[in-house]
There are 2 protein chains.
Amino acid sequence: MTETREPLVIFTPSGKRGHFPIGTPVLTAARQLGVDLDSVCGGRGICSKCQITPGYGEFPKHGVTVEPGALSDWNAVEERYKSKRGMIDGRRLGCQAKVQGDVVIDVPPESQVHKQVVRKAATARAITMDPATRLYYVEVAEPDMHEPSGDLERLGQALTEQWGIGAVYADLDVLRKLQPALRKGEWKVTVALHKGNLDARTRVLDIWPGYYDGGIFGLAIDLGSTTIAAHLCDLRDGRVLASAGVMNPQIRFGEDLMSRVSYVMMNPGGDREMTGAVRTALNGLAQTIATEAGIDPIRIMEAVFVCNPVMHHLLLGIDPVELGQAPFALATSDSMSLDATELGLTSLNANARVYILPLIAGHVGADCAAVALAEEPNLSDDMVLIVDVGTNAELLLGDKHRVLACSSPTGPAFEGAQISSGQRAAPGAIERVEIDPATKEPRFKVIGCDLWSTDPAFTAATAASGITGICGSGIIEAVAEMRMAGIVDPSGLIGSAEQVGTARLVPEGRTHSYVLHDGRAEGGPRILVTQGDIRAIQLAKSALYAGARLLMDELQIDTVDRVVLAGAFGAHISPKHAMVLGMIPDAPLNKVFSAGNAAGTGARIALCNVAARNEVERVVREIHKVETAIEPRFQEHFVAANAIPHATAPFPELAKVVTLPQVSFNTQGGGGGGRRRRG
Amino acid sequence: MTETREPLVIFTPSGKRGHFPIGTPVLTAARQLGVDLDSVCGGRGICSKCQITPGYGEFPKHGVTVEPGALSDWNAVEERYKSKRGMIDGRRLGCQAKVQGDVVIDVPPESQVHKQVVRKAATARAITMDPATRLYYVEVAEPDMHEPSGDLERLGQALTEQWGIGAVYADLDVLRKLQPALRKGEWKVTVALHKGNLDARTRVLDIWPGYYDGGIFGLAIDLGSTTIAAHLCDLRDGRVLASAGVMNPQIRFGEDLMSRVSYVMMNPGGDREMTGAVRTALNGLAQTIATEAGIDPIRIMEAVFVCNPVMHHLLLGIDPVELGQAPFALATSDSMSLDATELGLTSLNANARVYILPLIAGHVGADCAAVALAEEPNLSDDMVLIVDVGTNAELLLGDKHRVLACSSPTGPAFEGAQISSGQRAAPGAIERVEIDPATKEPRFKVIGCDLWSTDPAFTAATAASGITGICGSGIIEAVAEMRMAGIVDPSGLIGSAEQVGTARLVPEGRTHSYVLHDGRAEGGPRILVTQGDIRAIQLAKSALYAGARLLMDELQIDTVDRVVLAGAFGAHISPKHAMVLGMIPDAPLNKVFSAGNAAGTGARIALCNVAARNEVERVVREIHKVETAIEPRFQEHFVAANAIPHATAPFPELAKVVTLPQVSFNTQGGGGGGRRRRG
């Protein structure tokens, strides 16, 4: 068609096409067309990242016929690579195969620079790989005493010429390694380059002689009050190589955030103890996760942190006392980029970089920002409420027009704390509960066993762990089931054995408790749901609900289209029971989703895609923060939400739950209120 | 003249003028006109930096008459300041005095932001104050829980609004101080802000509650192989508050650079010992100089370094071995900006910044770059040769069209080392020598005494120090005088007592020595100039001369218009003797200047003026480097320059030196060559 009639090269799946002179390497053609074809070695036949699959025969869609000789012959470089490392049949190296005639070239996903990382949650977008830290192989000019320049400057020049990278700099540590690496590699080296989203220049984080492909890695860390969870990701392709968690050792200074702030108030300098404790734990966690993945932790070049404001300040070594009192002033709210060594994270690469997501407000942390990054309420067409349930609940409400955020002081009841038989989610903890509305008999599941307690094999299957207590999701289900079974009235009062008609109700002082499980015969505990437990759950769920209502008031809406439960705990809450309990505003059950650890996912996105850092910073600036602590309407909503009005599911999807008549065990008549609807 | 006829305000010395509404503060008028009037507190009557002197009466030149009421009355703020701190009569505070009528306002030099620092050398330009680190007083908004943002972000916002400063950031150390400083200062603080010449963002280096004017300081450090010299400068006005020097403790690893490089070659890890030694010395020097100036060293916010390449690498902790062999490859040649703590400089402010000037080549260091910055050969209309004489000599030759640089391996003879009676410049060292051409009798001066040795009071005046040896400038003068007195022939050979006709010549093996001073009767040494001393000086001066010739060859010139001798030693060399000796190319004596410690001056310029950093970086990029080490013509010039051809001054200005017939004591005829002239 063209006059020159140079061969036509068509890339799939991009569809990009162009004419190239005979002899053009496929990699060169791809680069000129802007096709996303990876290469670390810059086309020198070393890295094999540029593998492509030529197609032969008729391509009616593209209007070409590819002849057998459309690419140059399989060559020695390709043969050597295939025999040493293996290569899928039909694949070629894009830097070796040269265009000889019209050809259709498929770029397989793993050969793309901006690979997409598969995410589990169906509703979530994929992560496009574009990390701040990448490897580059480069051939550096030898020193010339007649044109004197430094090794670093010649490295920079080579990176500009061979990779189009602008000004680079290196810390002293890398400068010291530069001379020996260049000479050992005979002026060929691989460098790990880092350019954060706010960096004007590119930094050399590490250097290896010759071609290095031992991998570079990053940590996405969700630093929670109770648990520190981390994903170790391969910075080349975003794969999660290992995940691990440890308890936050600060727990010994206080179970929840405010008790840790109080510890500092009572013990000047106590923040330094807590800072030291969490940093030590983080170094240990990095070691553990690296060992699990079989890598050397000095290959970890980056860590991304999400955390609540108190953890943020304690990680950075900033006194958190201001966060314990109005106006809850943060020392800094913007994202931070710093050296891992500044945080005492000495187990990573000596030049590893840390990125901490921005905070939203004194009560709404970088973890909530990460949830926003992962769940993108700011792009949502429908009105979505995102609830990140942990020791404090953080809420996001909005759509593409506007997003609000607040935190609710739920306290740790949802995590099994302050519950008589409560315990953390661990083997042996009751996590699912059903109560027969007719017989009032329960059945349950414990963590570590898939059987219901009514299964004949259950006792044997749980012999190892025993039945030790009840965890957060278990107590929520228990209370909701007790309500639906008529054991608890709308005010939250537990009836007596006589009132309800079951011997499982036992008196406990002036109130009653429900015996969920009695293991005393086998030397185990008796697991009760007490009146105090119900009250604790009521307080927590009222706080959560009041926070959501406050945000809805601000948007002047009475319903939400979609609810997303985030947080490790959110992943285990049964939406049905949450709604019976009145934890969250009513929504169709098929519109209630679990996002798993969305904060951790947000951290992983920021680790794998540097542009996402700009995005989350922009989104956070645009989020409108609502402060619950001093808002009178929050108190109103809180009091009003104390009752457990539903004894049945509020939506047809829940209709299978048996409906019982409304009972009240309190002679004064219980609470009444329930949730008010506007209009 | 204008229709509104608002009062006319004329500023001197700038001549800027404009009409302003009645009531406009003088500071406001100055800012609107772009008049250079200082203010740290932003016009709040706190800092007193904006002092101005109103003029009254007739100003025919400006065409105005200033009435007594042209400015608002002296007010309470001014009275308080004057009574507490004092103020020159007639001065007003520019932020308090308001325009009431036509007025002429003089801005005294000390009230200008871009003050000029007086420099001693008459030929040198003044330094304009524009340091990278400055103080700003700022009033920060209090936290608002309904518009949550971090303290740092509100500080940044205030700096933008009140000072027009862009994005700021702070290290963890400053972040930790931010909360208490803001609260103690009731949301008014003073910050030290730093923006280096390559920085995209401004960094908060330190913070003080309220208005702080305890001063901030900087160090200009010339890190030499033998001596480390530092100036402590006030970063507000550029004044040198104290100067101090210490011996470089690396001397114990080797007297000169190459012996230190050899030490590392022989003792792997030896570079770490030397790095540690020099860093310890620098911390001590900072303490010493701060004590001398009566300031706390934690107020030192910046240090600027100049040094030769080996010292540069050893300061940074980089192995210098590559610099000991061709191709003399630098690890890095560009300027560096880093934290003082990276260099272990812990005695300065915890966030102090370091700037190191760029290197020119593997043999031509940041000290030479600093000389170029101070002496500006690149702006010169005439052809200037700048010689920085130290253990190695570094040379710059050129004019506004082109500048060349090289180093010459002179060795330490010019510093008195490798000389039989040589010693460092210290009290008791002979520094000036004259020899009577008729009698061959010498007279001399020693350091610490202004009298010639022939003065009757000399013995008493030097009793304390004694006469201990001969320093670098002394040996140069001695050799030149010996030549001019006919004691030494053009080849450098010393004649015998009989040949020359003086008993001061004594045999020393197969050669002869000249007795400059015999103190043995008083228990002092006999100070000789031996044949070996003459040879050592000949080698050194040949190297220096050959370097200059090589540069002249490159520019195809045979003469230079101007010679500048730089370096602490250069300040003491007698130009006449240097020229007799053939150290430097011939030039009219009144065109030979001493620039004193030009490298130190260059460091001070870069400390006081951040734009000068860009300038020196640009100049260094444009300097053409000539490598002497492997250049055959250097050897030719070196051999040819070995003779001491002049027995008289080569220019009329030297004609007063008695001319003697050319003699030769070597029966083979001595060296002959001398300097060849082209064409």
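This is a predicted model: local features need pLDDT of at least 70, side-chain atom pairs count only at pLDDT 80 or more; totals for chains, interfaces and linings use all residues.
## Relation between the two chains

The same surface serves both copies, since 100% of the contact residues of chain A recur in chain B; two residues are in contact if their C-beta atoms, placed from the backbone, lie within 7 Å.

## The contact surface

Chain A gives 35 residues to the contact and chain B gives 35 residues. On the side of chain A that touches chain B, the elements giving two or more residues are α3 (151-163) and α4 (172-184) of chain A, and α4(A) provides the largest share, 5 residues.

## Chain A as a whole

The secondary structure of chain A comes to 16 helices and 31 strands, where helices (H or I, at least four residues) and strands (E, at least two) are DSSP runs numbered from the N terminus. The C-alpha trace of chain A spans about 95 × 65 × 55 Å along its principal axes. Of the contacts in chain A with a separation of 6 or more, 68% join residues 24 or more positions apart.

## Conventions

Residues are numbered from 1 along each chain as its sequence is written, while chains are lettered from A and ligands numbered from 1 in the order in which they are written. Local features need pLDDT of at least 70 and side-chain atom pairs count only at pLDDT 80 or more, whereas totals for chains, interfaces and linings use all residues.
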